[in-house]
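This briefing covers one protein chain.

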Amino acid sequence: MDTDALTAGLLQELRATRPYPALSLTMPTHRRAPDNAQDAVRLRNLVAEAGNRLEADPRVSRESRAAVKAQLDRAVAEVDQRRALDALVILADADEYQIWQLPRTAPERVVLSDTYLTRNLVAAKAGARPFWVLSLSAEHAALWSGTSEGLRKEGTGGFPLTAPHEEPNPQREERIGDTPSTYSSEDARNFLRTVDEKLRTVLATDPRPLFLVGLAPALALLDEVGESAGSAVARAAKGTTAETTAPELLKELNPALEDWRMQAAAGIRGRFDNALSSRSFAGGLDEVRLAVREGRAGLIAVEEHFEQTVRVTDGHLEPVGPDDTPDTDGQIREDIVDELVEAALDNGCEVSFVADDSLEGHGRIAAVLRF
């Protein structure tokens with residue numbers, strides 16, 4: 001699956017606790033030859049490592065081991081290397097598997113736990129900064145899913161929509177004295193009411209920033225007859241048709257998209273600067289974990305490739321070496337960072353992934369506190 005398929009509801013399902021072992025496999029991949037030749041070999045090696053981990057884990061029964069291996073084998077057989085992006089994530093338990101191709105690199109890892117490893121999905125989602133684009137006219141409306149990778153026309157929520165075509169009515173024209181304007185007709189108003197209803201449902205199910213593209217009269221009428229346009233981040237007054245392509249839309253939207261991304265980055269930096277000056281700031285695993293558990297964290301920033309295995313001792317987190325694994329010590333957390341991200345999201349906290357070493361002075365992870 002692609003990153004823009006990762007809705008808030010699906011992410012919550014993936015973070016749910018499930019019977020041990022839930023296996024997560026991640027690895028970097030390559031989009032083009034000759035670099036992509038190594039991906040198949042790397043995947044085989046990781047699958048072999050996963051098998052060895054399952055065999056060596058005393059908590060895994062023979063039945064569970066066989067079932068998870070079978071699901072993993074099915075997933076590997078389905079991987080389409082022609083669609084490779086920058087990372088591959090395979091999630092498998094005894095009953096299911098999922099394959100994710102991500103436009104963001106991920107390290108080689110095999111993790112056995114009672115939840116799936118979701119931090120790479122969250123990071124890819126955050127980095128892609130998904131958004132919606134509605135291209136609109138009096139006769140046609142299309143919904144586009146946008147990420148840093150580009151635009152893709154969506155067939156969800158009842159889109160695309162085409163206005164019912166009615167033959168000209170000479171008697172009506174004779175009664176009112178003229179042919180009605182395209183955007184003053186009741187037919188156009190009804191059509192855009194339908195567009196608004198469909199769009200509001202999409203935004204409620206998968207909230208994202210919204211961009212509008214259409215002629216000024218079409219956008220004005222959408223404002224008049226509905227509510228969805230009021231939340232739009234930006235608008236581009238450009239006519240569109242059913243044949244309008246993604247590159248054509250992006251050409252019109254690029255200035256607004258760039259401005260939106262710059263404002264978002266500046267907003268994150270500003271919030272952390274204010275938190276530092278007002279002492280509503282937490283840094284490091286221990287402080288951030290406590291803030292998340294108490295529900296005080298409003299925004300968490302994590303360095304992209306920060307990972308840490310820890311032992312929980314008297315409520316504190318102590319880093320441990322690679323020789324200490326969860327199967328030898330029940331107090332060891334193989335990826336405490338992922339656990340923190342999941343808990344933060346469950347508490348309604350924002351999560352932002354930032355460049356490596358940008359939080360070096362704050363323990364690689366930091367939080368803006370609500371109180």
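In which sense do strand β1 and strand β2 pair, and over how many bridges? Strand β1 (residues 22–28) and strand β2 (residues 87–92) are joined by six bridges in the antiparallel sense. The model is predicted, and the mean pLDDT of the protein chain is 87.

**Sheet**

- The β1 and β2 strands belong to an open sheet of four strands, ordered β3-β2-β1-β4, with antiparallel pairing.
- At the edges are β3 (97–102) and β4 (109–113), each of which pairs on one side only.
- From one strand to the next, the twist averages 10 degrees.

**Helices α2 and α3**

- Helix α2 (residues 37–56) and helix α3 (residues 62–78) have axes that come within 10 Å and cross at roughly 170 degrees.
- Angles over 145 degrees count as roughly antiparallel, so α2 is roughly antiparallel to α3.
- On the α2 side, the contact is made by Leu-43, Val-47, Ala-50, Gly-51, Leu-54 and Glu-55.
- These residues meet Arg-65, Val-68, Lys-69, Leu-72 and Val-76 of α3.
- Sorted by class, the contact of α2 with α3 holds seven nonpolar, one polar and three charged residues.

**Helices α9 and α10**

- The axes of helix α9 (residues 285–293) and helix α10 (residues 336–346) come within 10 Å, with a crossing angle of roughly 25 degrees.
- Angles under 35 degrees count as roughly parallel, so α9 is roughly parallel to α10.
- The crossing of α9 and α10 is left-handed.
- Leu-285, Val-288, Arg-289 and Val-292 are the α9 residues in the contact, and they meet Ile-336, Val-337, Leu-340, Ala-343 and Ala-344 of α10.
- By class, the α9 contact with α10 consists of eight nonpolar residues and one charged residue, with no polar residues.

**Confidence**

- In the protein chain, 92% of the residues reach a pLDDT of 70 or more.
- Among the elements of the chain, α3 has the highest mean pLDDT (97), while helix α5 (residues 170–176) has the lowest (46).
- The pLDDT is below 50 over residues 172–180, and this stretch has four contacts in the model beyond near neighbours in sequence.

Technical notes: Residues numbered from 1 in each chain as written. Predicted model: local features only at pLDDT ≥ 70, side-chain atom pairs only at ≥ 80, totals over all residues. Heavy atoms only, no water. Axes fitted to C-alpha atoms, helices over the stretch in contact; angles between N-to-C directions. Helix = DSSP H or I, 4+ residues; strand = E, 2+ residues; numbered from the N terminus. Parallel < 35°, antiparallel > 145°, perpendicular 65-115°, else oblique. Left-handed = near helix turned anticlockwise from the far one by under 90°. Contact = heavy atoms within 4.5 Å. Nonpolar A, V, L, I, M, F, W, Y, C, P; charged D, E, K, R; others polar. Pairing = 2+ DSSP bridges. pLDDT = per-residue confidence, 0-100.
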